[in-house]
Amino acid sequence: MRVAARPRCPAFTLPFESSARPALDRAFLEKRFTQSALSKGADYLRAGRVEMSDCDASQASARVIGNAATPYRTTITLQSLADTVVLTSDCTCPVGNLCKHAAALA
């Protein structure tokens, strides 16, 4: 089975990949999202349900096709604070943040 490429802008993780700041990798994401959100997000990604709409060095936005009639608008933002990276998300789904739609985008 062919797995869809991650719909992310190449510039999205670059500012965060240094010895002082962690890369946006599985371990980083597991500290922020539930296992359920990560698993369902990966399913959405494999199914081609993530449509990237905008991306820059610290933020990515997409439409994620969920179970509702209208796709959810999802944004994840990375912010570097001292020696840590803060990941925040916003989604139009009922959960609102750190949901499976944001996990699919991350």
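From the N terminus on, the elements of the protein chain follow the order α-α-β-β-β-β-α. That comes to three helices and four strands, in a model that is predicted. Of the 106 residues in the protein chain, 36% are buried. Among contacts with a separation of 6 or more, 49% are between residues 24 or more positions apart.

**Helix α2**

- Helix α2 covers residues 35-46, which makes 12 residues. From its first C-alpha to its last it reaches 17 Å, close to the 16 Å expected at 1.5 Å a residue.
- The buried residues of α2 are Ala37, Leu38, Gly41, Tyr44 and Leu45. These residues lie on the same side of α2, because they cover an arc of only 125° around the axis.
- An α-helix has 3.6 residues a turn, so residues three or four places apart point the same way.
- The elements that the buried residues of α2 pack against are α1 (26-30), β1 (50-55), β2 (59-64) and α3 (100-105).
- Just after α2 comes Gly48, which takes a positive phi of about 75°.

- Ser36 lies in helix α2. Its relative accessibility is 39%, so Ser36 counts as partly exposed.
- Between Ser36 and Ala103 there are 67 residues in sequence, counted as their separation, and 9.7 Å in space, C-alpha to C-alpha.
- Lys40 also has its place in helix α2. With a relative accessible area of 40%, Lys40 is partly exposed.
- Lys40 and Ala103 are 8.1 Å apart in space, C-alpha to C-alpha, although 63 residues apart in sequence.

**Strands β1 and β2**

- β1 and β2 pair over five bridges in the antiparallel sense. The two strands form a hairpin, with three residues between them.

**Strands β2 and β3**

- β2 and β3 run antiparallel and are joined by six bridges.
- Ala60 has Ile76 of β3 standing opposite.
- Thr74 has its place in strand β3. Thr74 counts as buried because its relative accessibility is 1%, and the cut-off for buried is under 20%.
- Leaving aside residues up to four places away in sequence, Thr74 touches Ala60, Ser61, Ala62, Val64, Asp90, Cys91, His101, Ala102 and Leu105.

**Strands β3 and β4**

- Strand β3 (residues 72-81) is joined to β4 by eight bridges, and the two run antiparallel.
- Thr75 has Asp90 as its bridge partner in β4.
- The hairpin of β3 and β4 has two residues between the strands, and in this hairpin Ala82 takes a positive phi near 55°.
- Strand β4 (residues 84-91) has one covered face, made up of Val85, Leu87, Ser89 and Cys91. The uncovered face of β4 holds Thr84, Val86, Thr88 and Asp90.
- In a regular strand the side chains alternate between the two faces of the sheet.

**Loop between β4 and α3**

- Leu98 is found in the loop between β4 and α3. Its phi is near 50°, a positive value in a residue other than glycine.
- Leu98 is partly exposed, with 32% relative accessible area.

**Rings and charges**

- The charged end of Arg32 sits over the ring of Phe28, at 3.6 Å from the ring centre.
- The ring of Tyr44 has the charged end of Arg49 over it, 4.5 Å from the ring centre. Tyr44 is also one of the buried residues of α2.
- The count of aromatic pairs, taken as rings with centres within 6.5 Å, comes to zero.

Methods
Residues are numbered from 1 along each chain as its sequence is written. This is a predicted model: local features need pLDDT of at least 70, side-chain atom pairs count only at pLDDT 80 or more; totals for chains, interfaces and linings use all residues. Side-chain values use heavy atoms; hydrogens and water are left out. Rings of Phe, Tyr and Trp (its six-membered ring) pair if their centres lie within 6.5 Å; planes under 30 degrees apart count as stacked, over 60 as edge-to-face and the rest as tilted. A charge sits over a ring if NZ of Lys or CZ of Arg is within 6 Å of the ring centre and within 35 degrees of the ring normal. The expected span of a helix is 1.5 Å times one less than its number of residues. Buried means under 20% relative accessible area, exposed over 50%, partly exposed in between (1.4 Å probe, protein chains only). The arc is that of the directions from the helix axis to the C-beta atoms. Contact means heavy atoms within 4.5 Å. Two strands pair if DSSP finds at least two bridges between them.
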